[in-house]
Amino acid sequence: MNKKIIYILILAIFFAACSNTKYLHDGEKLYTGAVVKIEKNKSLSSYEKKSIKEEMNALLLPKPNASFLGLRIKLFIYNKTQTTKTKGIQHWLNNKFGEPPVLLSSVDVNKNSEILQNRLQNEGYFNANIVSDTIQKKKTGSAIYTIQTGDSYTIDSVIFPRPGNDSLLSAIARTSRRTLLKKGNKYNLDIIKNERTRIDARLKNQGFYYFSPDDILMRVDSSKGNHQVAMYVTLKNTTPEKATKVYHINNIYVYPRYSLRDTSKNLEDAKFYKWYYVVDSSKSIRPIAFENTVQLHPGDVYSRIKHNNSLNRFVNLGPYKFVKNTFQEVNKDSAKLDAYYFLTPYKTKSLQLDVLGRTTSANYAGSQVNINWRNRNAFKGAEALSVTLFGSTDVQFGGQNNGYNVYQAGIQTSISWPRFISPFKFKADNAYIPHTNLTLGYSFNKRIKLYTLNSFTGSFGYQWRENAERTHELNLLNITYVDAANVSQLYKDSIASSDNPTLAHVIDKQFTFGPSYSYTVTNTAKSYKRNTYYFNGKVDLSANIYGIVSGANIDQGNIKKLFGQPFDQFVKLQTEYRYYHKIGPKSSLAGRVFLGVGLPYGNSTILPYSDQFFIGGSNSLRGFRARALGPGIYYAGDPNENGNFYPDESGDIKMEANLEYRPHLFSIVQGALFADAGNIWLYHSNPDQPGAQFSSHFIHQLAADMGAGLRIDATVLVLRIDLGMPIRKPWLPEGQRWVFNQIDFGSSQWRKSNLILNIAIGYPF
């Protein structure tokens with residue numbers, strides 16, 4: 001298309017969008033917005049002026065028609081698609097994308113002035129004054145608000161009641177230590193309201209069940225002068241008598257099969273267990289199931305924390321989809337409460353079919369089908385029993401593993417008890433139920449043309465949470481047994497011709513058993529925070545005690561077996577830290593550091609393949625192909641000259657760091673600029689992999705890449721596309737490892753070898 005025509009079209013759209021006023025009736029004026037001016041005030045800093053102006057602008061109503069680069073596109077669409085019809089494309093465009101004109105006549109400047117003045121006074125500007133006016137032109141009009149804030153008032157003193165004979169006033173006095181009202185801070189009505197809520201929460205945990213924030217009176221004395229106020233915290237005279245009483249728990253009743261049709265409490269069916277009653281004539285669940293959920297006890301002072309913890313535990317117990325709770329006074333004179341918990345159950349058994357799309361760290365794409373059977377109350381103790389049958393297929397189109405598709409199928413069985421099963425007594429009184437977990441599984445993994453791996457797994461252990469941010473997982477025993485079968489001659493020939501021991505290690509038998517512990521702390525759920533983080537530390541052990549007791553020593557040829565199989569012996573430590581920093585409302589900076597080390601000893605010289613570390617690919621160093629980097633400065637070679645597929649390079653030690661800038665581009669599309677660095681190493685030297693052992697020169701053996709990408713965030717699914725290229729190749733001779741000077745986008749061979757396209761689901765970290 002001729003450039004002149006394009007320019008003419010752009011100008012036509014511009015002038016058409018600007019001509020919205022021609023659709024106005026006589027006397028109507030299009031409202032173009034408001035201007036907020038703050039008169040000079042020496043007591044206000046430039047930051048305070050900017051904050052006040054932004055806050056005041058946000059309060060003004062109505063908002064003018066939305067515009068982009070000065071063009072009111074939505075208003076233009078509305079004007080062009082007006083119709084009396086209630087159906088059709090024109091009506092749909094008008095309602096979906098159009099926006100009716102906002103007129104100056106709809107702006108009540110006096111009302112807006114009152115709102116602005118009220119907000120400023122609530123923030124301590126008691127002498128604030130607003131002068132408002134409108135500015136009218138031929139077909140448009142705007143508003144102007146001139147603000148005289150005056151000096152802000154600050155808090156000089158906060159006086160709480162003195163402790164005395166009155167239990168309620170004494171309780172309020174004891175809350176003063178953590179008051180939100182601080183001497184020297186600006187007067188702010190929102191903070192005063194939050195202080196009342198804080199005091200109420202403290203009192204609720206001390207038994208004042210019927211107390212309310214509205215019972216607290218915050219008296220403000222502004223007569224001190226020098227723009228200071230004294231604040232007095234006291235009780236209203238209208239505080240009801242029962243709000244002044246400390247309430248205790250009397251009886252506790254749990255209804256495991258409640259429905260809205262139930263109108264009677266059926267207390268004659270109540271069965272007492274330890275400290276609570278269970279009303280369940282059908283005996284749908286054993287009373288022990290609620291031992292970890294009912295946090296209140298008869299005789300306890302009512303506590304809002306224990307009450308909320310109980311509700312949270314009932315919800316997370318598993319069998320129940322709704323929890324309703326009430327407290328009732330035993331009588332008016334006793335200051336005692338009966339607690340009732342009404343539980344509406346799910347259907348006990350369910351069958352679910354899941355069809356999933358997925359990507360793997362090795363740059364495979366595929367699908368998975370899961371058939372899940374679940375019993376939420378398997379042994380009438382709220383035990384969750386699940387059996388999952390799964391099958392998947394993963395393929396790679398055009399990559400180094402094209403044609404070597406991976407098929408997987410198996411079964412996973414697990415049972416989770418909502419309590420600790422242990423000879424020792426553990427107390428957990430927070431909002432989260434501890435779990436004891438037992439899992440058993442089998443899977444076979446078939447890699448076309450190469451081999452099949454049969455994997456048997458099992459574990460037993462505990463999972464619990466300290467709070468919303470800290471999680472612990474302790475497995476007393478993890479068992480893994482992997483055995484290769486149907487190894488093709490092609491794969492055997494590749495092992496013989498490549499002299500790469502990694503190929504043989506993939507199909508080695510693996511037998512591990514031992515405990516593991518994982519600790520996670522994160523606040524990423526707090527999306528309102530500007531800075532959030534994620535940390536995970538984990539330790540895995542295998543055959544440590546048994547290997548030492550049996551005298552296993554592979555270096556001396558003393559290889560020990562258990563159940564007729566050689567076992568792997570090692571200690572493995574790994575830690576990961578992620579940090580997220582919001583740069584703007586929708587843009588952020590994300591970073592990750594990963595460190596991992598495995599120490600094979602005794603019966604092993606190398607970690608089993610399934611426990612080793614890998615690097616490269618869509619969730620790691622994105623400028624290198626998955627599992628094709630390292631270990632150390634060892635290079636497995638070009639796949640086209642090495643059996644037509646990449647060996648899965650692995651290591652006992654891993655270091656990796658990633659940094660990613662995530663700007664918001666438009667709509668649901670985000671961009672990404674990233675840089676990655678890291679490598680893997682072997683703990684022991686291997687003559688068949690020169691340069692693979694970890695040494696003090698590790699810093700000179702790091703690989704690095706950089707690149708850009710797109711993220712399409714549809715809330716339920718994030719589709720990610722990254723294009724990375726290496727900038728440092730550790731296998732090259734020293735002095736030649738930085739490859740900036742080799743970048744040649746004009747060379748198809750360079751692009752083929754160095755531009756790595758990663759397509760994945762979800763963020764890399």
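Predicted model: local features only at pLDDT ≥ 70, side-chain atom pairs only at ≥ 80, totals over all residues.
Buried residues make up 42% of the 765 residues.

The chain contains 12 helices and 30 strands. Its radius of gyration is 34 Å, whereas the globule rule gives 27 Å for 765 residues; the value is well over the rule, so the chain is more spread out than a compact globule. Along the principal axes, a box of roughly 90 × 90 × 60 Å holds the C-alpha atoms. Of the contacts between residues at least 6 apart in sequence, 64% link residues at least 24 apart.

An open sheet is built from five strands with mixed pairing, arranged in the order β8-β9-β7-β11-β10. From one strand to the next, the twist averages 25°.

Strands of a sheet pair through backbone hydrogen bonds, in either a parallel or an antiparallel manner. The pairing of β10 with β11 (residues 336-345) is antiparallel and comprises nine bridges. Within this pairing, K324 has F342 of β11 as its bridge partner. Helix α8, spanning residues 304-316, lies across β10 and β11 as well as β7 (248-255). The helix runs at about 150° to β10.

Note on methods
Residues numbered from 1 in each chain as written. Heavy atoms only, no water. Pairing = 2+ DSSP bridges. Helix = DSSP H or I, 4+ residues; strand = E, 2+ residues; numbered from the N terminus. Axes fitted to C-alpha atoms, helices over the stretch in contact; angles between N-to-C directions. Contact = heavy atoms within 4.5 Å. Rg over C-alpha atoms; globule rule 2.2 N^0.38 Å. Buried < 20%, exposed > 50% of the residue type's maximum accessible area, 1.4 Å probe, protein only.
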